[in-house]
Structures are given as C-alpha cells and as structure tokens.
Protein chains: 2
Amino acid sequence: MLKELLSRRVECLNNSEISEFMSLIGQGDIISFAGGIPDRNIFPLKELRELLNSLMAEPGGPDLFQYGSTEGSGRLKEYIISFLKKRNIKASDEEILITTGSQQALDLLSKIFIDPGDRVLVENPGYVGGLGAIRSYQADITGINLAEDGIEIDLLEEELAKGRRFKFIYLVPDFSNPSGIRLSLPKRKALLELAGKYGFYIIEDTPYSELNYYNEPLSALKELDTEGRVIYLGTFSKFFIPGLRIGWICGDREIIRLAGLAKQNTDLTSNSLGQELIAVAGEKGLIEAQIKRVKPHYRSRLEEMGQALEKYFPKSTSWLVPKGGFFYWIRLPEYIESRRLLKKALENRVAFVTGNSFLANPEEGNNYLRLSFSNCPQEDIETGIKILGEIITNWQDF
Amino acid sequence: MLKELLSRRVECLNNSEISEFMSLIGQGDIISFAGGIPDRNIFPLKELRELLNSLMAEPGGPDLFQYGSTEGSGRLKEYIISFLKKRNIKASDEEILITTGSQQALDLLSKIFIDPGDRVLVENPGYVGGLGAIRSYQADITGINLAEDGIEIDLLEEELAKGRRFKFIYLVPDFSNPSGIRLSLPKRKALLELAGKYGFYIIEDTPYSELNYYNEPLSALKELDTEGRVIYLGTFSKFFIPGLRIGWICGDREIIRLAGLAKQNTDLTSNSLGQELIAVAGEKGLIEAQIKRVKPHYRSRLEEMGQALEKYFPKSTSWLVPKGGFFYWIRLPEYIESRRLLKKALENRVAFVTGNSFLANPEEGNNYLRLSFSNCPQEDIETGIKILGEIITNWQDF
C-alpha cells in the first residue's frame with residue numbers, strides 16, 4: 001500500500017551518503033576522513049558549562065526550556081547583528097531568521113522559491129546537503145564547474161544567455177564543500193553583476209568563511225550586494241559547536257518574513273536553550289576567542305594531510321591545496337571508481353566520502369573523493385593517507 | 001523581482017495566526033489565553049540543571065555539542081521505546097525517528113506523502129500547525145466535523161464512499177487542539193476499519209494524551225492497529241518541556257526510513273544536547289514524575305476556567321468541558337466575529353486565538369475562539385474570563 005501513496009519527490013530523496021558517513025562517526029577503531037564535522041576535543045566545554053549554569057540561575061531560567069518565537073531569540077539576533085557588523089555586513093532584526101542549522105535555511109528557501117521543474121544554479125561540485133534540499137523540491141539543477149578561483153563565470157554567462165530563467169544560484173564562496181575552493185573577488189563582483197542582469201538570487205552559504213587559515217578574508221557577496229540579491233546563510237556549527245543546531249538567514253525583509261512563515265509549519269521554532277547559550281557565549285567573547293583557537297588547530301591538520309598526500313598519493317591523482325575549511329577534493333585516475341576504493345579502504349579501516357553525491361549530475365564523475373581533515377586526530381592523518389595511497393598505487397581491478 | 005520568483009506554495013503559507021500568538025507570549029501585562037503552551041513555572045529546573053551538569057561531566061560530554069545521527073540518539077530512542085511499551089505500544093529502534101518537535105514530524109510526513117492536489121483528511125476543527133504543514137505541500141484538505149466523541153464516522157464514510165483516494169487522515173485523538181475532544185474507543189476501532197477498507201494512513205498526533213485529568217487513558221490507535229496503518233507522533237513538549245524541540249515518529253520501518261531521508265535534507269539532525277538531556281531525564285524517572293506533577297496543576301486551571309465561563313459567559317455562547325489537554329473551544333453567537341472580539345479584548349489586555357485558522361475551511365466559522373488555560377496563572381483566569389464575558393454580553397457592533 002505504501003508505495004502507491006508516496007509523493008513523487010520521494011524519488012529525489014534517495015541520497016543516503018550523508019547518512020552513510022554520519023553512521024561512520026563515532027566508530028572508534030576507524031580512521032575517518034568522512035564527516036565534515038569539527039573536532040569535539042576542541043569544544044570549550046568548561047566555559048559552556050559555566051554559561052549554562054549561570055543562564056539557568058537567571059530569572060529567565062525556565063525560558064530556556066519554553067517555546068520561543070518563530071523568528072528566533074532577540075538576544076541571539078542582536079549578537080548575530082554585531083557578529084555580521086564586524087564582517088562589514090549591515091542587518092536589522094527583521095532581516096534575520098534563526099534556523100535549525102543552516103541546513104534548515106536551505107530547506108526553507110527551497111520551499112519558498114522552488115516549484116517542481118524550476119531551474120536552479122549550483123557550483124559543481126557543491127555541498128551535498130544543499131543539493132539534497134534543492135532536489136527534494138524537484139528543481140531542475142544546472143551545475144557550473146569550478147576553476148581554482150571559483151565558478152567559471154564564462155560558463156555561467158553562457159548558460160544564462162540561453163534565456164531560461166533561474167530562481168537562484170546556491171554556492172559556498174569560501175573554502176567550499178567539497179572543493180575547498182574560494183571564489184575570487186573579481187568573480188564575486190562578476191557574479192553580482194550577472195545576478196542583476198539576469199534577475200536571480202544568490203544564496204551565499206558561509207560555514208567555512210571564518211576558517212580562513214592564511215589570508216585576510218574576502219568581502220562577502222552580501223557585503224558587496226547593493227541590490228538585495230544576496231541571501232546570506234550563517235551557522236555556528238563549524239567554527240564553534242554544531243550540536244545545538246543553530247544557524248541563521250540574513251536577507252531582504254520580505255524573504256525573511258516568508259521563510260519565517262515556512263519555518264512555522266516546519267518546526268515552529270528552534271530550540272531555546274541552544275539559542276540563548278550561543279547568544280551569551282557570543283556576548284562574553286567566547287565565540288570570537290574560539291575562532292582564534294580553532295584556526296591553528298585545523299591549519300596544522302590541513303598541512304599534515306597535504307604533506308601526507310604529497311608523500312603517499314601517486315602522480316595519477318590530483319588535488320588543490322585548500323587555504324581554509326575542512327576538505328581536500330581528490331581526483332583519482334579514471335580507472336579507479338571511488339565507490340570501489342571506499343569498499344577497499346573500509347576493509348583497511350579508513351573512511352572517506354565518495355564524490356558522486358557532490359556533483360550536479362552524480363553519474364558524471366565516479367573518480368572523486370572528499371577527504372576531511374577536521375575531525376581526524378593529527379597523529380592518524382599520515383597513517384590513514386598512507387593506507388589510502390597504497391591502495392591507490394597498487395590498484396588492480398578489485 | 002521577488003514576487004515572480006516565489007514558489008506557488010507561498011500562497012498557502014499566509015497563515016500568521018501562530019506567529020501572532022507566539023508574539024503575545026511574554027508580554028507581562030496581558031492576561032493571555034492564547035498560546036497552547038505549558039506553564040514555565042512548573043518546569044523541573046533544578047533537576048534539569050543537575051542532569052545537565054552530570055551529563056557534561058561524563059566522558060561523552062563533548063558529544064552533547066557535536067552532530068549526531070539523522071535518525072536520532074540511540075539512548076533517547078531506547079527511552080522512547082520503554083515509554084511506549086508502558087502505553088502498550090511495541091516499537092523497535094528502526095521504527096522510531098527523532099524529530100525537531102512533532103511539528104517537524106508533520107512536515108516530513110507531508111513531504112513524503114503529498115504531491116500538489118493530493119487529498120488528505122483532517123478532523124475539523126484541527127490543529128493549526130498540522131493544517132499548516134499539510135497546506136504548505138498544497139494538499140486538497142477535506143475536514144470531517146467533530147461530535148462530542150470525536151470525528152463523525154458517518155460523514156467520514158460518506159466522504160470515502162465517493163471513491164476519491166485519500167493519502168491519510170491527520171488527527172489528535174486525545175483532547176484535541178483546539179476542540180478538547182477525545183475520540184471514543186468504538187470510533188477508534190471504526191476509523192481503523194475504514195482505513196483498512198479504503199487504504200489510507202492514520203497520523204495519530206498525541207501531544208495531550210498524557211494530560212488526561214479524570215479517566216483512564218484510552219488505547220492509542222497505534223496500539224489497536226494490526227495492519228501498520230498508524231503513524232504515531234509523540235512529543236515531550238506539553239507534559240515535560242517544549243524548548244528543546246524534541247519529538248518522535250513511531251511507524252512502519254519503511255516510512256521511518258523515508259522520513260529520515262527527508263529529515264537529512266531538512267535539518268540534518270535534531271539538537272544533541274536536548275536529545276541526551278531528555279533521555280537521561282527519562283531514565284531517571286523525571287519525566288514520569290513530571291507527568292504526575294503537572295496533571296493536578298492543569299486540572300485545577302481547567303476547572304477554574306470552567307467555573308468562570310459558567311459564571312460570566314452569556315447563554316448565547318457554548319462549549320464542551322474538556323477532560324484533558326489545554327483548551328476550551330467556544331462558540332459565539334453568529335453576530336460576533338471572533339476577530340473583532342479579539343481586537344476589543346486586546347484593548348482590555350486579554351488575549352486568545354480566533355478560531356478560523358483551526359478550520360479546514362477558514363472562512364466557514366467566524367464565531368469561534370480557543371481559550372488556553374495551561375499558561376495563565378490560576379489567579380488571573382477568573383479576571384480574564386470576566387472581562388471577555390462582559391465584552392460578549394455587552395456586544396454592540398463595535
């Protein structure tokens with residue numbers, strides 16, 4: 001009976017790779033380059049505990065466990081406004097919606113923009129969860145390939161010049177997942193110009209923007225935007241803590257209002273305890289301090305992995321060295337299917353994520369893998385890369 | 001530009017009455033019968049604080065702030081299985097999905113079942129958030145009116161006999177929101193029989209099932225179901241605490257798998273801190289103790305409101321006295337529009353929710369209101385009802 005009662009979009013949901021790697025989290029005896037998750041050992045646990053205790057002792061203590069408003073905690077929004085201001089982004093209270101992680105932002109925006117068959121642009125490869133949210137609303141997805149400095153603007157313009165209307169482009173301009181690529185400043189400006197010319201929105205997702213290990217940050221698209229075309233997504237998950245599921249959308253007031261209406265029907269409100277805890281952590285300077293603390297931590301893992309890749313991966317493989325974020329994106333020789341490599345790697349207790357699900361057309365590249373260095377203990381990185389390198393070097397048609 | 005880029009479902013989202021009453025929460029100088037929310041003053045704050053501190057001191061402390069699996073915390077699912085078992089409902093780990101409140105359950109199930117134009121049955125009046133979730137997937141909603149003992153089975157059968165296919169019926173069988181009505185045991189059996197005969201699912205939402213102030217509980221539809229037709233939704237929000245946003249779906253393994261895939265794209269995972277805190281509160285007996293504690297608390301508010309209604313509301317109004325839950329559903333004489341009554345009431349610092357948004361066809365009844373007694377201090381109930389009663393009694397065409 002079930003099958004005949006399901007919606008058509010269920011066919012678009014069969015993307016279980018996130019689940020697969022989520023389920024690899026916490027298996028102790030495996031070297032995991034799989035989940036794009038922060039290192040639990042660097043969370044400021046003691047400080048969080050003190051803040052929680054002091055919040056609970058305040059007269060507002062019970063409100064930590066009560067429903068809050070759909071739009072989100074006023075205190076948290078105030079902190080986010082000050083956080084954005086330091087990054088040269090101006091926003092008012094009505095231009096912010098608190099979301100249950102920035103994954104929910106992707107769902108809500110897809111909900112308010114996409115009818116089945118509507119066209120959407122994505123960077124290719126791009127974040128699997130973003131693609132998943134967009135796909136689950138039955139969009140027609142066009143991927144724009146990446147160069148070392150971000151999406152190929154010429155290809156984008158070519159696509160736009162065909163005259164078909166696109167609702168938005170979704171991209172992670174800083175140290176993208178999985179590519180590690182950063183969109184250059186000239187390309188940011190060019191993208192904004194195209195958005196103006198062809199009338200589409202830009203969804204700028206920024207989970208890794210703070211995790212910039214070498215250079216000064218580049219201006220956010222939102223900072224450069226003079227026409228209200230950029231919808232900016234932020235999250236505390238990568239540079240602070242993910243387990244409270246708190247993110248936000250910053251955008252045009254009417255978009256925020258509609259996304260808020262969608263949120264009402266989706267989960268009513270984000271959890272109060274997490275919102276207040278993050279707000280007070282922000283007020284006390286703990287978040288900015290944590291950003292300073294995690295950057296050298298992840299940078300040394302990035303470098304450790306880079307050195308190990310140079311040492312153990314054969315010439316037939318290639319990658320760009322990222323300047324931030326959590327990931328290396330590796331191209332294998334075409335005769336090695338990443339799914340079969342993963343099988344072999346798991347037999348040797350090493351995990352990673354195959355590349356297919358990050359592609360606009362998942363069938364187009366069977367020879368990519370994403371290696372995350374963020375959550376792998378420094379001392380295991382070389383061992384894990386060595387094991388992978390040896391399997392690749394000695395590849396026979398397993 | 002925005003308008004032409006929005007999805008068609010945005011037209012189904014313009015239901016801001018939840019927002020309206022959410023925004024009335026916390027205005028100190030108003031007597032509010034609006035939000036269907038628990039009393040913050042009865043939350044077991046001291047115990048929650050102790051549990052949080054001990055959780056954070058465990059070796060798993062950092063995991064409270066880390067991503068968890070999409071399906072939900074194993075520890076919490078184990079507690080939920082034991083909770084359900086006490087209520088004569090058998091479930092295995094793979095038949096449970098943790099959700100971000102039971103509002104998310106409604107969203108996920110709508111996502112996997114509803115294509116635009118699909119037919120869905122609801123009790124009428126019914127929970128506004130359930131209607132909102134279903135509407136946002138552009139379903140064609142048919143309301144089945146309520147008698148004192150639940151939906152009119154004859155009307156339901158008449159509707160079904162027309163031969164159109166319905167995907168599911170959504171209802172709150174125990175002390176429904178807003179009606180306060182409980183579905184009788186014979187009607188539960190009749191409903192299950194019809195679901196079998198006509199091939200549709202039953203979404204049984206149970207937020208108020210524990211808040212049964214006088215009688216023994218009735219068997220859940222899920223308990224009576226022998227064919228896997230019932231999808232059971234649970235939440236800790238009403239009898240324990242809502243602010244952590246933790247609920248669950250218990251259903252057929254394949255439905256749980258698909259809802260889990262939908263959840264992945266929707267918010268990835270529910271917050272870890274809340275899941276673990278509720279799990280440990282359950283293990284330590286705090287949740288069952290809290291249920292025992294809140295029942296007399298809310299019962300005395302229910303009775304206080306009942307007495308005040310008898311005393312101050314004119315004969316031209318009518319209501320049923322609920323035996324559980326949080327609400328009185330009041331019928332006004334037809335010449336009083338509840339929206340205009342609300343305006344007058346707010347001028348006199350009393351709030352409630354107008355009835356329209358709870359109706360399958362919101363235009364069909366302008367003379368209903370929902371009064372919630374759960375979150376109004378006992379000593380304010382009579383005052384508030386007296387003010388409302390006087391406005392109604394002295395109604396002129398304001």
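This is a predicted model: local features need pLDDT of at least 70, side-chain atom pairs count only at pLDDT 80 or more; totals for chains, interfaces and linings use all residues.
1. Starting with the chain–chain contact: eight salt bridges cross the interface of chain B and chain A (a salt bridge being a side-chain nitrogen of Lys or Arg within 4 Å of a carboxyl oxygen of Asp or Glu). One to look up is D115(A) with R8(B), whose side chains meet at 3.8 Å, N to O.

2. Residues are numbered from 1 along each chain as its sequence is written, chains are lettered from A and ligands numbered from 1 in the order in which they are written, and side-chain values use heavy atoms, with hydrogens and water left out.

3. Back to the two chains. Contact (heavy atoms within 4.5 Å) involves 89 residues of chain B and 89 residues of chain A. About 7,800 Å² is buried between them, with 59% of it on carbon and sulfur atoms; buried area is the accessible area (1.4 Å probe) that two parts lose on being put together, summed over both.

4. Now the domains of chain A. The assignment, which is automatic or from a database, gives domain 1 as 2–43 + 294–393 and domain 2 as 45–287. Their centres, taken over C-alpha atoms, are 24 Å apart. The contact draws 31 residues from domain 1 of chain A and 36 residues from domain 2 of chain A.

5. How much area is buried between domain 1 and domain 2 of chain A? About 2,900 Å², with carbon and sulfur atoms giving 63%. On the domain 1 side, F43(A), K323(A) and F358(A) lose the most area to domain 2 of chain A, together 20% of what that side buries.

6. Eight strands make an open, mixed sheet in the order β2-β9-β8-β7-β6-β3-β4-β5 (strands are DSSP runs of E, at least two residues, and helices are runs of H or I, at least four, numbered from the N terminus; two strands pair if DSSP finds at least two bridges between them). β2 (96–99) and β5 (150–151) of chain A are at the edges with a single partner strand each, so one side of each has no neighbour in the sheet. Inside it, β3 (119–124) and β4 (140–147) of chain A run parallel, joined by six bridges; V120(A) has I141(A) as its bridge partner in β4(A).

7. Two helices of chain A deserve a look against that sheet. α4 (74–86) packs on it, touching β2, β8 (230–235) and β9 (247–250) of chain A, at about 115° to β2(A). α5 (101–113) lies across β2, β6, β7, β8 and β9 of chain A, at about 155° to β8(A). Axes are lines fitted to C-alpha atoms, for helices over the stretch in contact, and angles run from 0 to 180 degrees between N-to-C directions.
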